[in-house]
Amino acid sequence: MIIYKNREEIELIRESALLVSRTLGMLASEVKPGVTTLQLDRLAEAFIRDHGGEPGFLGLYDFPNTLCTSVNAQVVHGIPNDVPLNEGDVVSIDCGVKMNGFYGDHAYTFAVGEISEEVKKLLEVTKKSLYLGIEQMKTGNRIGDISYAIQSFTEAHGYGVVRELVGHGLGRSMHEKPEVPNYGRKGSGKRIKEGLVLAIEPMINLGTRHVQQLDDGWTIITRDRKPSAHFEHDVAVVDGKPEILSTFDYIEEALGIKGKN
Ligand code: MG
Ligand code: MG
């Protein structure tokens, strides 16, 4: 069952989403060669608690940390560890917050120092596909319109669209109905209605779409071990149109790239 939200509930989700945005913005200047993902995780947990939230992932389905940190070929659900990041790596940082009974959940893939042009392009295209998907989240459309927009744009660049993991509804639970695949047919799936709140999150591979899970029971990694990118926003349908509740502005201000992409 899809749980549609009223304006008040959407504002509460926005507050949680924006605390995630500020957390990612704080992390943006910490992501550099030599830092470990566990150090980033500790910073994020302290920041969230200092700002009146609770980490949304910690303990959820028994996940052990505040962040999912997925490096290079890791797609999503990577567990923070004490391995330092290296120049040229990319790391997807996915973060959740629970506050006032509602969740925020969003993610950004960061470059560690200078990265190759090939991977830079993968990040740009994946982020762009997220916004193309969001544009389709309006009344009258269907979930498949979001899926199609993401798939057609990223596959046109020759990338692989991960199918095993999907976006989702968001609210009092981290994962609500409906599922939002990053692949699909135009005009298919559930109709988009006022008050729908989704976490839209393309997971796009430089190589083929195939992934596997590591023995840790969490980490999803590309089968061909080529890099993957992941960007996620929380979006509500307000007055028939998509309203993005989260923001990359804090990140892009910290990185000095705001307005440049
Ligand atoms: Mg997420
Ligand atoms: Mg999500």
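Predicted model: local features only at pLDDT ≥ 70, side-chain atom pairs only at ≥ 80, totals over all residues.

Me: Which residues coordinate the magnesium ion (ligand 1)?

Reply: One begins with the donor atoms, counted here within 2.8 Å of the metal. For the magnesium ion (ligand 1), the list is Asp94 (OD), Asp94 (OD), Asp105 (OD) and Glu232 (OE), at 2.0 to 2.4 Å. Along the chain, these donors follow the spacing D-x10-D-x126-E.

Me: Where in the chain do aspartate 94 and glutamate 232 lie?

Reply: Aspartate 94 is in strand S4 (residues 90-99), while glutamate 232 is in the loop between strand S13 (228-230) and strand S14 (233-238). The pair links distant parts of the chain, 138 residues apart.

Me: Are aspartate 94 and glutamate 232 buried or exposed?

Reply: Buried is taken as under 20% relative accessible area. Both aspartate 94 and glutamate 232 are buried.

Me: What are the protein donors of the magnesium ion (ligand 2)?

Reply: They are Asp105 (OD), His168 (NE2), Glu201 (OE) and Glu232 (OE), lying 2.1 to 2.2 Å from the ion. Their spacing along the chain is D-x62-H-x32-E-x30-E.

Me: How many Å apart are the magnesium ion (ligand 2) and the magnesium ion (ligand 1), and which aspartate coordinates both?

Reply: The two ions are 3.1 Å apart, and aspartate 105 coordinates both.

Me: Why does the pair of aspartate 105 and glutamate 232 tie together parts of the chain?

Reply: Aspartate 105 lies in strand S5 (residues 102-111) and glutamate 232 in the loop between S13 and S14, so the pair ties together parts that are 127 residues apart in sequence. Aspartate 105 and glutamate 232 are both buried.

Conventions: Residues numbered from 1 in each chain as written. Chains lettered and ligands numbered in written order. Heavy atoms only, no water. Donors = N, O, S within 2.8 Å, 3.2 Å for Na, K, Ca; no water. Helix = DSSP H or I, 4+ residues; strand = E, 2+ residues; numbered from the N terminus. Buried < 20%, exposed > 50% of the residue type's maximum accessible area, 1.4 Å probe, protein only.
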